[in-house]
Amino acid sequence: MKRKFIIKSVLLNLVAISIGVLTLVPFVWMISASLMKTGESAKFPPRFIPSEIDFSHYVFLFQNLDMARYFLNSLIVSILITFISLLFNSMAAYAFAKLKFGLKDNLFKFLLSLMIVPGQVTMLPLFLMLKEFGLINTYLGISIPGMASVFGIFLLRQFMLSIPDSLIDAARIDGASDFKIFFRIIIPLSRSILITLAIFTFIGAWNDFLWPLIIMTDSYMYTLPVALASLMGEHTQDIELMMAGSVITITPIVILFALVQKYYISGILIGSLKE
Amino acid sequence: MKEKTSIGIVLIFLSPALSAIFLFFILPLLSALFISFTDFDIYTLGDFRRLKFVGLENYIKIFEDDLFYKALYNTFYFVFIGGPLSIITSLLAALLLNSKFIKLKKFFRTVYFLPVVTTIVAVAIVWRYLYHPRFGVFNYILSLFGINAIDWLGDPKYAMPAIILLAIWKNFGYNMILFIAGLQNIPTELYEAAELDGASNWQKFKEITLPFLAPTTFFISIITMIGYFQLFAEPYVMTQGGPLNSTLSMVLYMYQEGFRWWNIGYSVSIAFILFIIILIITLIQFRYEKKIHY
């Protein structure tokens, strides 16, 4: 019995390790290929360790291909979207969780029903509209579809419902306005869920592709994913260069995730809870 | 306090988010519906007076368009083969990490989850080289088993399976987290009782685990399906829809018609059909769920 237990334990752990290795192989190859000399990654059998470390592809990306600019664009856009959407969503969530007004439930249900509409349906008309406003190739234009999200409002509302009404009533008796209650009580108490949503939004904005591809037509305004896809056209054969670009795109997100994964994973679980 | 908040205060809190949603989502959605009944194209972009109402012409044209059927077929292939395979992989990974035999659960969970947060465009580029017919890692692994090289992304037979494999790798960690949470909600006494009755592992899985996971599985199958219907970045980066349109997805077709050829009316109609398909399948899933949980 004991023996069987040990064999089973070893086997299952081996399976877990193998899946882990399979999961990591693409990343390992990406990093090592990005450090190889030109042409070395196109050899058979594939190499996993560079014969010597070569940073020249990274240097080339920053010196010749505007990588710093793309990085900055991605950073600005992601921070802008995160900041605006957090403010807008939390204000609306507060109204839906704690304020009393007619049609509240119907309005909320209507918003939830919008979640079924795929964003692609709205993209062409939105593009034409923003073109009229002169918002193509602007940070504001790229941020617009992300400024408010039904999912964000839903997530924050669920959390705010759990804040006791007595706290709010007490503050109101002391003469606090709704704004004071919102900024002094609700926001500090919702810190953990706000951090969760901020991470979700930031990562989503950083990784987003279709909308940035549509709205940023001037290469100077490309975000990293759009820049990578466009580089892929001219530099398909420069594998090491493309891998260096992928490393630069992925690394900030992986570091962020490593630092805050607890919040990220709890967010997935809260988001899946049904009403 | 039961009295209503003054309407002014409510408006101040609601208006930023609601006006953004109205102006930049609902209004474009309604415009999309309108545009889909017009011949909006590149000439209309220059002069709006050229816009002509054409009724259902775009939709009729779509149903006579072989390329649309191809895109529809490919998208269904991706959703209904790739989706279930992804979900099964997630479930197996969750069962594995939930097992009492596994050490370092948190470490494995983080590793398995890593692909989920990474940028799809970047990993699709990496995988494009992993699939390279001459020096790619996949063919190297096959060669170790004496299997001949496969032209993964260049052969219409293999291109979509290759994209599905990438999607499974990229996404399984997400649903795995949901399944693990579902598994942890199952009372352990049930398993203990079943063991006393001499139930096999398979019986326990079938009679306890699966029924208890049903709500989680339902949620997962809906979000996975909706997400998979929107396949775009992978074929855009890896195959541009080829070879022989074998990876042309509906969203990629919509994008090409709209933003490459500026057939705006036609493109928007394709998007609407995608929306209607997602809507119908979601409704079917909800009905099915009601039947099994009364």
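**Close-up 1. A:Lys37 and its salt-bridge partner in a predicted model.** In this predicted model, A:Lys37 has a relative accessible area of 37% and is therefore partly exposed. A:Lys37 forms a salt bridge with A:Glu52, and the closest N and O atoms of the pair are 3.5 Å apart. A:Glu52, for its part, counts as partly exposed because its relative accessibility is 47%.

**Close-up 2. The salt bridge between A:Asp178 and A:Arg172.** Here the side chains of A:Asp178 and A:Arg172 meet in a salt bridge, with a distance of 2.7 Å from N to O. A:Asp178 has a relative accessible area of 10%, and because buried means under 20%, A:Asp178 is buried. A:Arg172, at 24% relative accessibility, counts as partly exposed.

**Close-up 3. The salt bridge between B:Lys52 and B:Asp39.** In chain B, B:Lys52 forms a salt bridge with B:Asp39, the closest N and O atoms lying 3.9 Å apart. This pair links distant parts of the chain, 13 residues apart, with B:Lys52 in the loop between α2 (42-46) and α3 (57-62) of chain B and B:Asp39 in the loop between α1 (7-35) and α2 of chain B. B:Asp39 counts as partly exposed, since its relative accessibility is 24%.

**Close-up 4. A nonpolar surface patch in chain A.** The residues A:Phe5, A:Ile6, A:Ile7, A:Val10, A:Leu11, A:Leu14, A:Ile17 and A:Val21 make a nonpolar surface patch of about 720 Å². One of these patch residues, A:Val10, is found in helix α1 of chain A, and with a relative accessibility of 45% A:Val10 counts as partly exposed.

**Close-up 5. The second largest pocket and its lining.** The second largest pocket has a volume of about 1100 Å³. Of the 24 residues that line this pocket, the closest to its centre are A:Lys8, B:Ser99, B:Lys100, B:Asn201 and B:Lys204. The elements that give two or more residues to the lining are α1 (2-34) of chain A and, from chain B, α4 (66-98), α8 (156-184), α9 (188-196) and α10 (201-229). With five residues, α10(B) gives the most to the lining of the pocket. Sorted by class, the lining of the second largest pocket has twelve nonpolar residues, together with six polar and six charged ones.

Methods: Residues numbered from 1 in each chain as written. Chains lettered and ligands numbered in written order. Predicted model: local features only at pLDDT ≥ 70, side-chain atom pairs only at ≥ 80, totals over all residues. Heavy atoms only, no water. 1 Å grid on protein atoms, 1.4 Å probe; cavity = no way out; pocket = protein on both sides within 12 Å on 5 of 7 lines; lining within 4 Å. Points joined across faces, edges and corners; volume = space filled by probe spheres on them. Helix = DSSP H or I, 4+ residues; strand = E, 2+ residues; numbered from the N terminus. Nonpolar A, V, L, I, M, F, W, Y, C, P; charged D, E, K, R; others polar. Patch = residues over 30% accessible without salt bridge, like charges linked within 9 Å, V, L, I, M, F, W, Y side chains within 5 Å. Areas by Shrake-Rupley, 256 points an atom, 1.4 Å probe, with all protein chains shown as cover. Salt bridge = Lys/Arg side-chain N within 4 Å of Asp/Glu carboxyl O. Buried < 20%, exposed > 50% of the residue type's maximum accessible area, 1.4 Å probe, protein only.
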